[in-house]
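Dear colleague,

Here is the structure I promised you. Please open it first, then read the notes below it.

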Amino acid sequence: MNTDFDIPTPRLLLRPYKIVDLNELIDAVRSSVSELSPWLSWCTPDYDQHDAYEWINASRNNWQHNISYEMGIFEHHSGQLAGSVSLNNVSITLNSAELGYWIRSSFHRQGFATEACQAISEFAFSTLGLTRLEIVTHTGNLASQRTALAIQAKFECTARNRIFAGGKPSDGLVFSLIPQDLHPAKPAFPTA
């Protein structure tokens, strides 16, 4: 898919990462280490230009080959990188993907993760034609669990050893989202 693509929302602009985002990405990661590192093993105080450059290039390649779709979340007013949202582990066979997200610490508790996840879910269902998204969170990641529920994802199970990070497995909470969750069917006739 073409990387000259964006998704506007009322407060945000979601778009594929560009090399010009390198320093902003480094700053967002480093300024959020204490909140994100328990859940994202790559989020360390040592995250540097090499890490950001490699990730942006891999992300752009993934877009071009329809492997995964990572997008920066940019706040309209300031233009600042507020976080990231992605569709990864895209499965043609299962017609599904995993929805992942993180928000820069200075943008927490403003509903940006919810807004971005709703927008990329709409993209997944309407543009890509997927029929299922999964959100897998660490059992202790309450913020990600609240976001999953805020976008109407349904809790399915606690999956043993579902997450593998830092060289060890851990349990994960699995939530799912299908197109009908975003657009519930309306009754054909008014109810009394």
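**Cores**

Leu87 touches Ser68, Tyr69, Ala97, Glu98, Leu99, Ile120, Phe123, Ala124, Leu128 and Leu133, not counting residues up to four places away in sequence. Contact here means heavy atoms within 4.5 Å. This is a predicted model, where local features need pLDDT of at least 70 and side-chain atom pairs count only at pLDDT 80 or more, while totals for chains, interfaces and linings use all residues. Residues are numbered from 1 along each chain as its sequence is written, and side-chain values use heavy atoms, with hydrogens and water left out.

Leu87 is among the residues that touch the most other members of the largest nonpolar core, along with Leu14, Val85 and Leu99. That core has 33 residues. A nonpolar core is a set of buried Ala, Val, Leu, Ile, Met, Phe, Trp, Tyr and Cys residues joined through side-chain atoms within 4.5 Å. Buried means under 20% relative accessible area, exposed means over 50%, and partly exposed lies in between (1.4 Å probe, protein chains only). S2, S3, S4, S5, H4, S6 and S8 each supply at least two residues of this core. H4 gives the most, with 9 residues. There is also a second, separate core of 16 residues, including Leu25, Ala28, Leu40 and Ile56.

**Sheet and helices**

Helices (H or I, at least four residues) and strands (E, at least two) are DSSP runs, numbered from the N terminus. An open sheet is formed by 8 strands, in the order S1-S2-S3-S4-S5-S6-S8-S7, with mixed pairing. Two strands pair if DSSP finds at least two bridges between them. Strand S3 (residues 69-75) and strand S4 (residues 81-91) run antiparallel and are joined by 6 bridges. Glu70 has Ser86 in S4 as its bridge partner.

Helix H3 (residues 49-64) packs on the sheet and touches S3 and S4. Its direction makes about 115 degrees with that of S3. Helix H4 (residues 112-127) lies across S1, S2, S3, S4, S5, S6 and S8, running at about 35 degrees to S4. Axes are lines fitted to C-alpha atoms, for helices over the stretch in contact, and angles run from 0 to 180 degrees between N-to-C directions.

**Two threonines**

Thr9 sits in the loop between S1 and S2. Thr9 is buried, at 12% relative accessibility. Leaving out residues up to four places away in sequence, Thr9 touches Leu14, His76, Glu115 and Ala119. Thr147 lies in helix H5 (residues 142-150). Thr147 is buried too, with a relative accessible area of 10%.

**Positive phi**

Most residues other than glycine have a negative phi. Asn95 has a positive phi, near 55 degrees. Asn95 is in the loop between S4 and S5 and is partly exposed, at 26% relative accessible area. Arg109 has a positive phi of about 60 degrees. Arg109 is in the loop between S5 and H4 and is exposed, at 79% relative accessibility.

**Confidence**

The mean pLDDT (the predictor's confidence in each residue, from 0 to 100) is 88, and 93% of residues reach 70 or more. Confidence is lowest in helix H2 (residues 33-36), at a mean of 77, and highest in strand S6 (residues 132-138), at 95.

Best wishes
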